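Please keep the sequence and the coordinates in view while reading.

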Amino acid sequence: MLVLVTGATGKVGRAFVARLGREPSAPHIRVLCHNRTLPESDRLSVVKGSIADRAVCRQAMQGVTHVVHLATCKETVEDVMDVTVSGLFWLLEEFRQSADARRFVLIGGDAAVGHFFHRHPAPITEDAPHMAYPGCYALSKVLEEVMLEQYGIQYGIDWCCLRAPWIMEKDDFRYTLSFGDD
């Protein structure tokens, strides 16, 4: 088993790679890094480059059995389509054509259903409609889910989308919320 992790230097990616790496029977992990990187080891290798570059995705996908796709760019308007659309497209293209590929896992976000922005008449489940709130991040979460779902339908790939809530880390609360005079 060879697991490719995109977004491995982010909040969730760092925790996932560290936890998986501590397992005694952990598979080899390959990470695709753009701006930041992780130290290589006997169980972790790094491919550097942009996810929007097909050649980089092809290199990263060589021999990969499982993908955990976490790469995102939040509200970075200049990069969001390169990462969300082009990057995911190239990963999925390489995945579907690979004889080694087994499962593609997308760590999506509850932003895809506008959980705090739009009123929902019932509890939010996997059947809730996509409802991005304003901004490119929520739109990117919708596009990722739809693209992955369609690859599953079109090509029969084994896929799963896990919608993660907003993950707080370090001083996120302090910089996000205000209760008056700071």
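How many helices and strands does the secondary structure of the chain come to? The chain comes to 5 helices and 6 strands, where helices (H or I, at least four residues) and strands (E, at least two) are DSSP runs numbered from the N terminus. This is a predicted model, in which local features need pLDDT of at least 70, side-chain atom pairs count only at pLDDT 80 or more, and totals for chains, interfaces and linings use all residues. Residues are numbered from 1 along each chain as its sequence is written, and side-chain values use heavy atoms, with hydrogens and water left out.

**Overall fold**

- Along the sequence, the elements of the chain follow the pattern β-α-β-β-α-β-α-β-α-β-α.
- Taken along the principal axes, the box filled by the C-alpha atoms of the chain is roughly 50 × 40 × 35 Å.
- Of the contacts between residues at least 6 apart in sequence, 64% join residues at least 24 apart, a contact being heavy atoms within 4.5 Å.

**Surface, burial and charge**

- Buried residues make up 41% of the 182 in the chain; buried means under 20% relative accessible area, exposed over 50%, and partly exposed in between (1.4 Å probe, protein chains only).
- The chain exposes about 10400 Å², of which carbon and sulfur atoms supply 55%; accessible areas come from the Shrake-Rupley method with a 1.4 Å probe, and for residues only the protein chains shown count as cover.
- The chain has 19 positive and 23 negative charges, and their mean positions are 5 Å apart.
- In that count Lys and Arg are positive and Asp and Glu negative, while His and the chain ends are not counted; each charge is placed at NZ of Lys, CZ of Arg, CG of Asp or CD of Glu.

**Cysteines**

- The structure holds 0 disulfides, a disulfide being a pair of cysteine sulfur atoms within 2.5 Å.
- Cys-73 is in no disulfide, and its nearest cysteine sulfur, that of Cys-136, lies 6.3 Å away.
- Cys-73 counts as buried because its relative accessibility is 13%.
- Cys-136 likewise counts as buried, at 12% relative accessibility.

**Glu-93 in helix 3**

- Glu-93 is placed in helix 3, which covers residues 80-97.
- With a relative accessible area of 8%, Glu-93 is buried.
- Leaving out residues up to four places away in sequence, Glu-93 touches Arg-54 and Tyr-151.

**The loop between strand 5 and helix 4**

- Ala-112 sits in the loop between strand 5 (103-109) and helix 4 (136-155).
- Ala-112 is buried, with a relative accessible area of 0%.
- Beyond residues up to four places away in sequence, the residues that Ala-112 touches include Pro-129, His-130, Lys-141, Glu-145 and Arg-163.
- Ala-112 and Pro-129 are 17 residues apart along the chain, with their C-alpha atoms separated by 8.6 Å.
- Ala-128 is also placed in the loop between strand 5 and helix 4, and Ala-128 counts as buried at 13% relative accessibility.
- Neighbours within four places in sequence aside, Ala-128 is in contact with Val-113 and Arg-163.
- Ala-128 and Ser-50 are 78 residues apart in sequence, and their C-alpha atoms are 32 Å apart in space.
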